[in-house]
Amino acid sequence: MNIAVANQDSIARAASLLQQGGLVAFPTETVYGLGANALDGQAVARIFEAKGRPQFNPLIVHVADSTAAAALVEMNEAARAVAAQFWPGPLTMILPRREDCPVSALCSAGLKTLAVRVPAHKVAQQLLQESGLALAAPSANRSGNLSPTTPAHVADSLGDAVDMVLAAGPCTVGLESTVLDLSTETPAILRPGAVGAEEIAAVLGRPVICEMEVTDSPKSPGQLLRHYAPAIPVRLNAIDLEPGEALLAFGSDKFMGIKGGGAAKDLPEIARRNLSTSGDLVEAAANLFRMLHDLDRPEHKAIAVMNIPDQGLGIAINDRLSRAAEGRG
Ligand code: TXA
Ligand code: MG
């Protein structure tokens, strides 16, 4: 496995790997992150593949400064105040995506919001500057393993699933960033971290609630992480189409027929998407949320989805689709 001590030369190589769609684990002040170009859907899909996550949780996008963040999300007044006080540092903000936000929909797991953070670690900053990219980066561990605070943790957990590990010793904070949701009426902490609720409330001049306390209660499912699901029904494992249905294909749809007559391949463009004509699960994951959004139109009776193999990234794709089919987003 490719572990390199972080210096000018290795950071330049890491930046170039990222620009080519590769995965690079890099240090931040909180934990090591598993980074990919946030604008490249297939690179982001490979993060989920490497982590072996059976679900698409939204990811944090790392940027060099507030100006770079403002190109991705709507920085409201509260966000600007929090950024001025706590960035760079161990704090993530959830904000509405800008209309023209170029970040892959997979980073947001289809939601209208995006998590952004400006890390303080010198190596993370150098990598962001050198690559000129926004980097999607969850903690650099396989799903179910502890968050990595040393290069050895990353290597043990991810092995060859990552193209390169930039090593810079142990992380100083050692705990994931505070996640602050500023996309709704009341500021809410979704994940506690080094920056506390009182500190944030002092900057905002109003109270900050800790949604974690509510989230843990099974009585308040409305407070659980909201997932994106289309407004129209989703039908799985379709082998043909009902009239009025839109098609979300996987692989060849040459032989898909429409009940009562007609072929799926003759549907108008607006009613037909293909996650991957070659049956590539990485490509399918990268396309999933954008294509669901494309087909989620009131003039369609439902979205009929062809069978997707339940292996590798297909497990996370099927998890998302079956929640949508059961109407629980
Ligand atoms: O310290 C950290 O934050 C590390 C380093 C690498 O920066 N990153 C990290 O990322 O912990 P990850 O993907 O393991 O955690 C992201 C957290 C999850 O709890 C996720 O649910 C939440 O942020 N999150 C991300 N985007 C969200 C969104 N749009 N809405 C709600 N929650 C979101
Ligand atoms: Mg994690």
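Which residue is the bridge partner of Ala25 in strand 8? It is Val165. The structure discussed here is a predicted model, in which local features need pLDDT of at least 70 and side-chain atom pairs count only at pLDDT 80 or more, while totals for chains, interfaces and linings use all residues. Residues are numbered from 1 along each chain as its sequence is written, chains are lettered from A and ligands numbered from 1 in the order in which they are written, and side-chain values use heavy atoms, with hydrogens and water left out.

Strand 2 (residues 24-26) and strand 8 (residues 164-167) run parallel and are joined by two bridges. Helices and strands are DSSP runs numbered from the N terminus (H or I over at least four residues for helices, E over at least two for strands), and two strands pair if DSSP finds at least two bridges between them. Both strands belong to an open sheet of eleven strands with mixed pairing, in the order 1-8-2-3-7-4-6-5-9-10-11. Its edges are strand 1 (3-5) and strand 11 (209-210), each pairing on one side only.

Helix 1 (residues 8-19) lies across strand 1, strand 2, strand 3 (33-37), strand 7 (135-136) and strand 8, at about 145° to strand 8. Helix 2 (residues 41-51) lies across strand 3 and strand 7, and runs at about 155° to strand 3. For these angles, axes are lines fitted to C-alpha atoms, for helices over the stretch in contact, and the angles run from 0 to 180 degrees between N-to-C directions; contact means heavy atoms within 4.5 Å.

Trp87 and Pro88 are joined by a cis peptide bond, with omega at about -5°, and Pro88 sits in the loop between helix 4 (77-86) and strand 5 (91-96). Ala109, in the loop between strand 5 and strand 6 (113-117), has a phi near 45°, a positive value in a residue other than glycine.

The other sheet described here is an open one of four strands, ordered 12-15-13-14 with parallel pairing. Strand 12 (234-235) and strand 14 (272-274) are at its edges with a single partner strand each, so one side of each has no neighbour in the sheet. Strand 12 pairs with strand 15 (residues 303-305) in the parallel sense over two bridges, and Val234 stands opposite Ile303 in strand 15. Helix 9 (residues 281-295) packs on this sheet, touching strand 13 (246-249), strand 14 and strand 15, and its direction makes about 175° with that of strand 14.

The structure holds eleven salt bridges (a side-chain nitrogen of Lys or Arg within 4 Å of a carboxyl oxygen of Asp or Glu). One of them links the side chains of Arg235 and Glu245, at 2.8 Å from N to O. Arg235 is in strand 12 and Glu245 is in the loop between strand 12 and strand 13, ten residues apart.

As for the domain interface, 14 residues of domain 1 are in contact with 15 residues of domain 2. The buried area is about 1,200 Å², with 69% from carbon and sulfur atoms; this is the accessible area (1.4 Å probe) that two parts lose on being put together, summed over both. Zero salt bridges are found across this interface.
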